[in-house]
Amino acid sequence: MVKKSLIGLSAEETSKLIGVAGFNNTHAISVTQSIYKKRTTDIELIKKIPKKLREMLKENFSTGLFPPVESEVSADGTIKYLFRTGEGKLFETVYIPDNKRNTVCVSTQSGCRMGCSFCVTAGYGFHGDLSAGEIINQVISLPEASKVTHVVLMGMGEPMDNLDNVLKSCHILTSEWGLSFSPRNVTVSTVGITPGVKKFLEESRCNLALSLLSPFAQERKTFIPAELKYPVKSILRLLKDYPLRKSRRFSLAYVMIRGFNDTDRHLTELKSLIGGSGIRVNLLPFHPDGKDQFTSSSLERMLYFKHDLVISGISASIRKSRGIDISAACGLLARNLS
Ligand code: SF4
């Protein structure tokens, strides 16, 4: 018999499961805190629960935590991990240390079906959704788990295409009985699937990052097919209408491609799209996969964009490339999986 995993269950679900055998909510919280905070891999080691409950759990459940099968270390300290599920789904996770801020970039799907032409993961195809347990496992089963300060759901996959598991993961990441991250330190990235974004805004307090690539719909849809069905302007309208609290951040990821989307015309349109909205802009270098006809904008051009956005009252920053030498940088995941 394949045992059900405890990882991926909320405190409410755990309470319901053990409640039928007469155990209470306090016991459920001892179980979830052991799994999520103490990263317990063996039910025998779960503390503060009655012996009878431990026996019942051992008989019917496993913790469900599983370690990565491979890792690669970049010259800049970034580490890329490969996970394989019991059914053989492969996905990558990236640990990015940066002084006191240590970020883990997790995948939400094995591969992706969005087909964005600038992204290597698209070429790997779609191999299945990840469960909430498989998403959370990428945070707690890394050797560096105790040092993680920020989580970004920006790895392989489109989070809004696996929204129920993503929402559940955000709930586990930010709950006191779970990993206790502040929602300000958890960011979900999307190319923009309008119904998913709407539901995410209503049901989660975590940050949202939207991939723009071009402020012009005609151009954007040649790189991001989702634009055809879900125009980015409608998503931006949703974000602008949403009462932005200090604790929640909306940002645009703008991958900069030389001569394609780094002209003054693009800058003017970008400013008119989000000026006065409080939405931040993250400028990212483009990472060619070796077959691309495009190259990244120069640092000088990126600095020019940043400066012009900032003096126009738009918060902007330049994101450094991390882990390029091990294909762990944005847009390069799954490069070695095909
Ligand atoms: S950019 Fe994101 S949504 Fe697009 S193919 Fe890559 S992983 Fe999927």
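Select Lys80 and Glu92: both are buried, that is, under 20% relative accessible area, where exposed means over 50% and partly exposed in between (1.4 Å probe, protein chains only). Their side chains meet in a salt bridge at 3.6 Å, N to O; the term denotes a side-chain nitrogen of Lys or Arg within 4 Å of a carboxyl oxygen of Asp or Glu. Lys80 belongs to strand 4 and Glu92 to strand 5 (residues 90-98), so the pair ties together parts 12 residues apart in sequence. Strands (E, at least two residues) and helices (H or I, at least four) are DSSP runs, numbered from the N terminus.

This is a predicted model, in which local features need pLDDT of at least 70 and side-chain atom pairs count only at pLDDT 80 or more, while totals for chains, interfaces and linings use all residues. Residues are numbered from 1 along each chain as its sequence is written, and side-chain values use heavy atoms, with hydrogens and water left out.

Next, select Glu72, which stands opposite Lys80 in strand 4. Strand 3 and strand 4 (residues 79-84) run antiparallel and are joined by four bridges; two strands pair if DSSP finds at least two bridges between them.

Now select Glu219 and Arg265, whose side chains form a salt bridge (3.4 Å, N to O). Glu219 lies in helix 8 (residues 217-223) and Arg265 in helix 11 (residues 264-274), 46 residues apart.

Finally, select Asp264 and Arg301, joined by a salt bridge at 2.7 Å, N to O. Asp264 is partly exposed at 44% relative accessibility, and Arg301 is partly exposed at 21%.
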